[in-house]
Amino acid sequence: MKVLVANLGSTSFKYRLYDMSTETQLARGGIDRIGGTESACFVEIGSFREDRKLPIPDHAAAVSICLEQLSHPEHGCLKDASELAGIGFKAVFAGKLGGIKIVNDEILNRMEELADVAPAHNPPYARAMRQLRKAFPQIPLVAAFETAFHDTIPAEYRTYAVPYEWQDQYEIKRWGFHGASHRFIGGRIAQLMGNKDLKVISCHLGGSNSLCAQRGGKSMSNSLGMSPQTGLLHNNRVGDFDPYALPLLMRLSGKTMAELLEEMSSRGGLLGLSGLSGDVRDLEEAAAKGNERADFALKVFVASIRQYLGSYLVVLGGADAIVFTGGIGENSQRIRRDVCAGLEWAGISLDEELNNSLARGAEACLSTAGSKTQIWVVPTNEEIVVARQTVEAVSK
C-alpha cells in the first residue's frame with residue numbers, strides 16, 4: 001500500500017511517498033511559490049534528484065506535477081496515480097469533527113467555519129483539499145487532525161473557566177496541537193527505553209512550539225490551547241496573552257481587533273521581542289555578538305518552556321524522560337542547556353559535553369549517568385504518523 005503525505009502552506013506543497021508494507025520512504029519533494037509565474041519544484045527518488053521552475057497555478061496542479069514526477073517511466077516509483085491508496089494531510093482543526101477522517105464536504109465546511117481558530121492553516125488546507133477532490137476523485141483524502149492525539153487529556157486539564165455552556169455551544173476548550181509529533185515521540189521513546197509505561201515530557205520546539213505531558217504514550221496535557229497561537233511563544237506568534245489587554249491596545253493604538261490579532265500572529269514571539277528575527281539560529285548568533293534584545297528573547301523563550309516543564313512534572317508526578325524534538329529542540333545546544341539548568345533537585349541533569357558534541361540530526365541520550373530523568377534528543381517524524389493514520393482510515 002502506497003501513501004502520499006502532504007504538508008500544505010498557502011503557496012507551498014511538500015510531500016513524502018511511503019510504501020506502507022515496510023514503512024519505507026520512496027520519495028520526497030516540494031513545490032514553493034504556487035500561484036506565481038515561476039514555482040520552484042524538486043523531487044528526490046532514491047539517488048535521483050530533479051529541480052525545475054515552471055508556473056503552477058494551484059495545489060491541484062502541484063499534485064499533478066508531483067504524480068507526474070513520481071510516475072516518470074525512467075526514474076519514477078509509481079506506475080500511475082491509481083497505485084496511491086490515499087493522500088494524508090496533517091490537518092489542524094475541525095473542532096468536534098476532528099480525529100482521523102476521510103475528507104468530505106462536512107469536514108471541509110467545518111474547517112472553513114473554524115478558520116478563526118487556525119487562520120494560517122485551515123484556509124489553505126480546505127482550499128487545496130477541495131481542488132484535489134475535484135481533480136482526483138478516485139484518490140481518498142484523509143485529514144489527520146492535530147488535535148486527535150489530545151483526546152485523552154483529562155477534562156480538568158482541557159477546560160477553561162468560562163461559562164460552562166460555552167464548551168458545547170461554541171466548542172471552547174484547550175484542544176492541543178502538534179499531535180502527530182508528540183504521538184511519534186511517545187512511541188519512539190518507549191522503543192528506546194524499552195518501556196511502554198513511561199512518564200514523558202515531549203518538547204516540540206521549532207517554528208511553532210509546544211510541550212506535552214504523556215503517560216503510557218497518551219497525552220495528559222498540552223501547552224497549546226484553543227488555537228495554535230497560544231502556549232509557549234513561537235517564532236512570530238505571541239503565545240499566551242491576556243485578552244483584556246486588547247481593548248486597551250485598540251484604544252491607545254487606534255488599531256482594530258483584526259489588525260492587532262494579525263500583528264500578534266505575525267510580528268509577535270521571538271521576532272517581536274528581538275526586533276531581529278524569529279529564527280533561533282539568527283538570535284543565538286546575534287546574542288553571541290552582544291545583541292541584548294536577541295539574548296533577552298531567548299531567555300523569555302526558555303523561561304516559558306521551563307514554566308510548562310515544571311507544571312508537567314506535577315501533572316505526571318515526575319518524569320522518566322524529557323525529549324527535545326523539532327528544529328530547535330534537535331539542534332540548539334543553548335536552549336537544551338538553559339531549559340535543564342539547575343534542575344538537579346528534580347533529578348534532571350544534562351551532560352554538557354554530550355549536549356555540546358551532539359551531531360545535527362542525531363538521536364541520543366544527553367543526561368548524566370546519575371540523572372533520575374533521562375534527557376533525549378529524538379528527531380520527529382510527523383509524516384510517518386500521518387501515513388499510518390491514512391492507512392487506518394482508508395482500510396476502514
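Visitor: Where is the place of leucine 141?

Guide: Leucine 141 sits in strand S8, residues 141-144. Strands (E, at least two residues) and helices (H or I, at least four) are DSSP runs numbered from the N terminus. This is a predicted model, in which local features need pLDDT of at least 70, side-chain atom pairs count only at pLDDT 80 or more, and totals for chains, interfaces and linings use all residues. Residues are numbered from 1 along each chain as its sequence is written, and side-chain values use heavy atoms, with hydrogens and water left out.

Visitor: Why does leucine 141 count as buried?

Guide: Buried means under 20% relative accessible area, exposed over 50%, and partly exposed in between (1.4 Å probe, protein chains only). Leucine 141 has 4% relative accessibility, so the residue counts as buried.

Visitor: Which residues does leucine 141 touch, not counting residues up to four places away in sequence?

Guide: Contact means heavy atoms within 4.5 Å. By that rule leucine 141 touches Ile87, Phe89, Lys101, Ile102, Val103, Met129, Leu132 and Arg133.

Visitor: What span should the 15 residues of H5 have, and what agrees with it?

Guide: The expected span is 1.5 Å times one less than the number of residues. For H5 that gives 21 Å, and the end C-alpha atoms are 21 Å apart, so the two agree. After H5 comes glycine 194, with a positive phi near 65 degrees.

Visitor: Which residues in H5 are buried?

Guide: They are Gly179, Ala180, Ser181, His182, Phe184, Ile185, Gly186, Ile189 and Ala190. The buried residues of H5 pack against strands S9, S10, S11, S12 and S14, and against H14.

Visitor: What makes a space a cavity?

Guide: On a 1 Å grid over the protein atoms alone, a cavity is a set of points where a 1.4 Å probe fits but cannot get out; lining residues have an atom within 4 Å of a point. By this rule there are 2 cavities of 30 Å³ or more. Volume is the space filled by probe spheres set on the points, which are joined across faces, edges and corners.

Visitor: Which helix gives the largest share of the lining of the largest cavity?

Guide: Helix H5 (residues 179-193) does, with 3 residues. Among the lining residues are Gly179, Ala180 and Arg183.

Visitor: Which elements each supply at least two residues of the lining of the second largest cavity?

Guide: Strand S1 (2-9) and helix H14 (382-395) do. The lining includes Val5, Ala6, Glu382 and Glu383.

Note on methods: On a 1 Å grid over the protein atoms alone, a cavity is a set of points where a 1.4 Å probe fits but cannot get out, and a pocket is an open set with protein on both sides within 12 Å along at least five of seven lines; lining residues have an atom within 4 Å of a point.
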